[in-house]
Amino acid sequence: MVCTNKHVLQWVEEMAALTKPDRIEWMDGSEEERDRLEAHSVSIREMYRLDQEKYPGCLLHRTAINDVARVEHRTFICTSKKEDAGPTNNWMAPADAYDKVGRLFDGSMKGRTMYVIPYIMGPVGSPFSKVGVELTDSSYVVLNMRIMTRMGDVAWKQLGDSPDFVKGLHGKAQIDEENRYIMHFPEDKTIWSVNSGYGGNVLLGKKCFALRIASHMARQEGWMAEHMLILGIEDPEGRVEYVTGAFPSACGKTNLAMLIPPAYAKGYRVWTVGDDIAWMRPGEDGRLWAINPESGFFGVAPGTSMKSNPNALLTTRRNTIFTNVVHTEDNGVWWEGMGVPPPARGIDWKGNPWTPESPEKGANPNSRFTAPASQCPCISPEWENPAGVPISAILFGGRRARTAPLVYQSFDWNHGVFVGATMASETTAAAAHAIGVVRRDPMAMLPFCGYNMGDYFRHWLEMGERIRRKPLIFNVNWFRTDDGGKFIWPGFGDNFRVLRWILDRCDGKVDAVETPIGYVPKAEDIDLTDLEGFTLEDLRGILTIDADLWQEEIKGIEEYFAKFDHLPGELRSQLDALKKRFGI
Ligand code: GTP
Ligand code: SPV
Ligand code: MN
């Protein structure tokens with residue numbers, strides 16, 4: 001199918017005039033096209049084909065050593081008014097950003113091919129769905145976008161003659177760290193990304209569109225674009241309830257979304273709808289409905305094993321692209337925490353010879369797999385339902401060594417918004433910065449909100465007024481540690497025990513203890529059947545709320561709130577009420 005949309009044609013012409021590629025290829029999404037691109041990628045040693053017996057359809061890629069994570073300090077929201085980007089985003093005036101990055105793009109595709117990738121975020125034909133077009137000089141990006149989005153002619157069909165598509169321009173240029181920019185122009189629905197080849201910076205449908213640009217659209221159009229997993233829990237009677245969860249990057253969304261219930265919970269199943277992004281809107285029935293705009297998983301590899309997340313591992317058995325993991329001597333892949341012995345020899349993520357004795361890790365801590373969602377053994381039968389799934393509970397959570405208990409429920413929607421807005425977590429390898437430092441990451445959206453975060457909180461409060469049958473809001477923390485720094489809660493599949501309590505609360509089946517921070521479970525109400533080495537006392541320990549730590553926490557929240565220019569008065573009232581409950 002040839003693209004006849006004149007808005008697309010004109011824009012592609014302009015961008016080609018700027019970047020000056022030798023040739024332009026229009027992607028149709030066909031299998032022949034994939035085969036051709038794979039062969040090309042392999043021939044230029046951008047990708048390696050793995051052992052096709054053991055890993056059918058799988059490829060390996062290594063990014064540049066300086067290019068392994070999102071770069072938040074080089075990510076900008078370019079709105080006409082600085083105030084609209086708000087205090088938590090980097091800002092540049094649109095004209096300056098186009099000028100600055102335009103110079104870097106000028107002639108940057110000489111000698112290269114520009115690929116035109118039409119794609120849909122969301123199920124085909126869904127009222128939630130939106131079209132994007134990405135221009136890129138990277139065949140690795142095309143092959144990833146094929147997995148992560150509904151890509152090809154299907155998108156031209158959905159777009160028709162409309163000018164309403166998100167324009168993404170990506171160029172590898174020289175992969176120069178000093179000139180790396182991820183620019184967002186929400187007012188123009190445009191993204192410009194240059195000098196990177198790493199996932200979150202270059203798969204423009206994902207964080208750039210489906211969160212930063214989409215959050216801006218969502219506020220204007222009355223819906224929500226969130227950094228959330230979506231899962232369904234089926235009970236032995238076959239009834240399914242859906243939950244979303246916002247945890248910061250590398251804090252457990254993929255793992256929770258694919259959870260396998262412990263053996264004691266006979267007849268229960270968990271179904272994956274999405275592992276990273278949720279688009280949500282109120283339905284006619286007054287409930288909140290959610291879709292997963294993506295069609296694949298770009299998941300963290302290290303720590304993924306048959307023990308921690310068998311469903312993720314099984315999803316990656318074929319048609320998967322592995323990035324920055326160990327290339328084993330028998331042409332397979334390996335990473336730390338895979339649960340199998342390391343290869344005697346391999347090539348590490350930097351491209352150097354590696355053995356288990358090497359002092360450095362073989363796989364980058366932010367190494368990833370790109371795998372089709374349809375291959376997931378627990379993919380929900382509803383995952384492509386154009387209407388989405390109705391949400392009963394929203395979870396917030398992060399890595400907190402001490403302060404947050406295993407789980408608590410907010411008093412109501414507005415208090416839940418406060419809980420989300422004041423979330424904090426220890427930083428991970430998913431972005432380029434110091435690791436293990438506690439930082440506030442409201443709703444896990446700090447790096448992804450495309451507008452003023454104070455206005456974003458207000459949008460959450462306003463959505464609460466528009467959703468008649470509101471999901472209940474909870475906070476979870478799988479990461480409490482003991483004095484030796486070891487995680488106390490077993491986590492992973494055992495998180496099901498907490499999900500059960502959450503659903504029992506939604507169904508009004510269990511009461512709880514009212515504390516200053518919210519409703520906390522009675523320890524006996526969390527089922528510990530068959531949980532070896534973990535006692536009711538241990539559970540009581542991680543359900544405690546330490547008043548001294550919360551005094552500190554409240555100080556931290558006060559300092560944090562002081563940074564905001566558009567903080568809704570309601571959140572300040574929530575903070576005052578929290579202080580009062582602690583007698584401060
Ligand atoms: P992004 O894709 O970066 O947005 O991350 P994510 O939230 O999907 O994170 P993911 O599920 O990939 O988890 C990342 C890390 O958290 C892995 O190293 C996991 O092993 C670890 N993890 C996930 N769930 C748990 C848990 O319940 N307990 C503990 N201790 N670790 C967990
Ligand atoms: C994250 O960092 O939250 C991710 C990976 O999900 S990336 O697509 O690189 O943003
Ligand atoms: Mn993410």
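**Before you start.** The model is predicted: local features need pLDDT of at least 70, side-chain atom pairs count only at pLDDT 80 or more, and totals for chains, interfaces and linings use all residues. Residues are numbered from 1 along each chain as its sequence is written, chains are lettered from A and ligands numbered from 1 in the order in which they are written, and side-chain values use heavy atoms, with hydrogens and water left out.

**Stop 1: the cores.** Select Trp 279, Phe 322, Leu 406, Trp 460, Trp 489 and Leu 539. These have the most contacts inside the largest nonpolar core, which has 153 residues. A nonpolar core here is a set of buried Ala, Val, Leu, Ile, Met, Phe, Trp, Tyr and Cys residues joined through side-chain atoms within 4.5 Å. Buried means under 20% relative accessible area (1.4 Å probe, protein chains only). Now colour helix H8, residues 205-221. Helix H8 gives the most to this core, with eight residues. Helices are DSSP runs of H or I, at least four residues, and strands are runs of E, at least two, numbered from the N terminus. Apart from that core lies another, of 30 residues, including Phe 105 and Trp 192.

Centre on Trp 460. Leaving aside neighbours within four places in sequence, its contacts (heavy atoms within 4.5 Å) include Met 224, Phe 396, Trp 413 and Ile 473.

**Stop 2: the sheet.** Show E2-E3-E19-E24-E18. These five strands form an open sheet, in that order, with mixed pairing. Strands E2 (48-49) and E18 (296-300) are at the edges; each has a single partner strand, so one side of each lacks a neighbour in the sheet. Pairing requires at least two DSSP bridges. E18 and E24 (residues 368-372) pair in the antiparallel sense over five bridges. Val 300 stands opposite Arg 368 in E24.

**Stop 3: ligand 1.** Stay on Arg 368. It is among the residues that come nearest to ligand 1, with Ala 250, Lys 253, Thr 254 and Asn 255. Backbone N or O atoms lie 2.7 Å from a ligand oxygen at Ala 250 and 3.0 Å at Gly 252. The protein buries 90% of the 660 Å² that ligand 1 exposes alone; such areas come from the Shrake-Rupley method with a 1.4 Å probe.

**Stop 4: ligand 2.** Arg 368 also belongs to the surroundings of ligand 2, as do Arg 70, Asp 276 and Phe 298. Select Lys 207 and Ser 249. A polar side-chain atom of Lys 207 lies 2.5 Å from a ligand 2 oxygen. For Ser 249, the side-chain distance is 2.5 Å. His 227 reaches a ligand 2 oxygen at 3.3 Å. The protein covers 98% of the 280 Å² that ligand 2 has on its own.

Notes:
Buried < 20%, exposed > 50% of the residue type's maximum accessible area, 1.4 Å probe, protein only. Near = heavy atom within 4 Å. Polar contact = N/O pair within 3.5 Å; in protein donor to acceptor, adjacent residues only side chain to side chain.
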